[in-house]
Amino acid sequence: MKPSVILYKALPDDLHKRLEEHFTVTQVKNLSQETVAQHAEAFASAEGLLGSSEKVDSALLEKMPKLRATSTISVGYDNFDVEALNARNVLLMHTPTALTETVADTLMALVLSTARRVVEVAERVKAGEWTKSIGPDWFGVDVHGKTLGIVGMGRIGLALAQRAHFGFNMPILYNARRQHKEAEERFNGRYCELDTLLQEADYVCLILPLTEETHHLIGKAKFEKMKKTAIFINAGRGPVVDEKALIEALQQGEIHAAGLDVFEQEPLPIDSPLLALPNVVALPHIGSATHETRYNMASTAVDNLIDALNGKVEKNCVNPQVK
Ligand code: DGY
């Protein structure tokens, strides 16, 4: 008999079929208490769980006593209570490599659109304000040749450094848990303390996972360290930034502009003060959201679940020790 799995995210047809070749699949719309109660038997017998963007905590795990592996269609796994998974010997698989280049493209798009005010001036054109040759009130600031500070030198940070170094001739500063030889040798990156990076960078790009250590890492004191001309970019996780402090920094001119793909609360509430600021580009967490990359992530996540339930955890496993 095939193992049973719960699928909580729609998959492209061919991937759904691949999943069904290996498992008996129950597809549910989310992991809410109501949904779990409605499909109680399927949850009780499931050995695998596949999806994204939903909390997987001990309350859910209690309803899934047979669970052996979870597979998330994402690189980030802050939605998972990893300690609770470890305590129950449940594997956690993720997609660390599938989205690297696409998220780096999103970061570069945020850098360019904030610097050159792309969204704001395009809106002004649509509003009929382009009635004569433009003056300085439409100008932006340069990107090429400016100093880029990258906070978090993982795969995505490295892909951003590559774009900035070769494409935009930007000197690169970076802060990370450890020095990164490749960033230094290939892209001339200079490791520095976070405060030094914040003081020296023209563009501060955050690409960090959300953990206990990174929660609100960037708050009031850190914004005060940045240049008044600094442009702040976040495409990692919203709660790494104290959003209230960010709003104040923007309102008080502590920093020049912000490009944001992630927020403390998602979707971003319509009454967020961020949306009233012309120098903010706010995106709906599109970091990896291209057709190609989302397909590749889903495909990797399906393969990850098949591997994990067959005891193969050499790649893409967060907690291989529980095997
Ligand atoms: C991830 O994979 O964690 C991304 O945030 C999704 O875009």
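User: Why does threonine 211 count as partly exposed?

Analyst: Compare its relative accessible area with the cut-offs: buried is under 20%, exposed is over 50%, and partly exposed lies in between (1.4 Å probe, protein chains only). Threonine 211 has 32% relative accessibility, so it counts as partly exposed. This is a predicted model: local features need pLDDT of at least 70, side-chain atom pairs count only at pLDDT 80 or more, and totals for chains, interfaces and linings use all residues. Residues are numbered from 1 along each chain as its sequence is written, and side-chain values use heavy atoms, leaving out hydrogens and water.

User: Where is threonine 211 found?

Analyst: Helices (H or I, at least four residues) and strands (E, at least two) are DSSP runs, numbered from the N terminus. Threonine 211 sits in the loop between strand 9 (203-206) and helix 11 (220-225). Now pick out leucine 112. It is 99 residues from threonine 211 along the chain, and their C-alpha atoms are separated by 28 Å.

User: Leucine 112 is in helix 6. At what angle do helix 6 and helix 8 pack?

Analyst: Axes are lines fitted to C-alpha atoms, for helices over the stretch in contact, and angles run from 0 to 180 degrees between N-to-C directions. Helix 6 (residues 100-115) and helix 8 (residues 155-168) pack at about 55°. Their axes are 8 Å apart. Under 35 degrees is roughly parallel, over 145 roughly antiparallel, 65 to 115 roughly perpendicular, and the rest oblique. Helix 6 and helix 8 are therefore oblique to each other.

User: Which residues of helix 6 and helix 8 meet?

Analyst: Contact means heavy atoms within 4.5 Å. On the helix 6 side, look for Val103, Leu107 and Leu112, among others. They are part of a group that meets residues of helix 8 including Ile156, Leu160 and Phe168.

User: What order do the strands of the open sheet have?

Analyst: Strands of a sheet pair through backbone hydrogen bonds, either parallel or antiparallel. Two strands pair if DSSP finds at least two bridges between them. Here five strands form an open sheet in the order 2-1-3-4-5, with parallel pairing. Strand 2 (24-27) and strand 5 (91-93) are the edges, each pairing on one side only. From one strand to the next, the twist averages 20°.

User: How many bridges link strand 4 and strand 5?

Analyst: Three bridges join strand 4 (residues 69-72) to strand 5.

User: Is serine 299 buried or exposed?

Analyst: Serine 299 is buried, because its relative accessible area is 13%. It lies in helix 13 (residues 291-309). Not counting residues up to four places away in sequence, serine 299 touches Leu15 and Arg18.

User: Which residues point each way from strand 11?

Analyst: In strand 11 (residues 257-260), Ala257 and Gly259 point one way, while Ala258 and Leu260 point the other. All are buried. Strand 11 runs parallel to strand 10 (residues 231-234), joined by four bridges. Isoleucine 231 stands opposite alanine 257.
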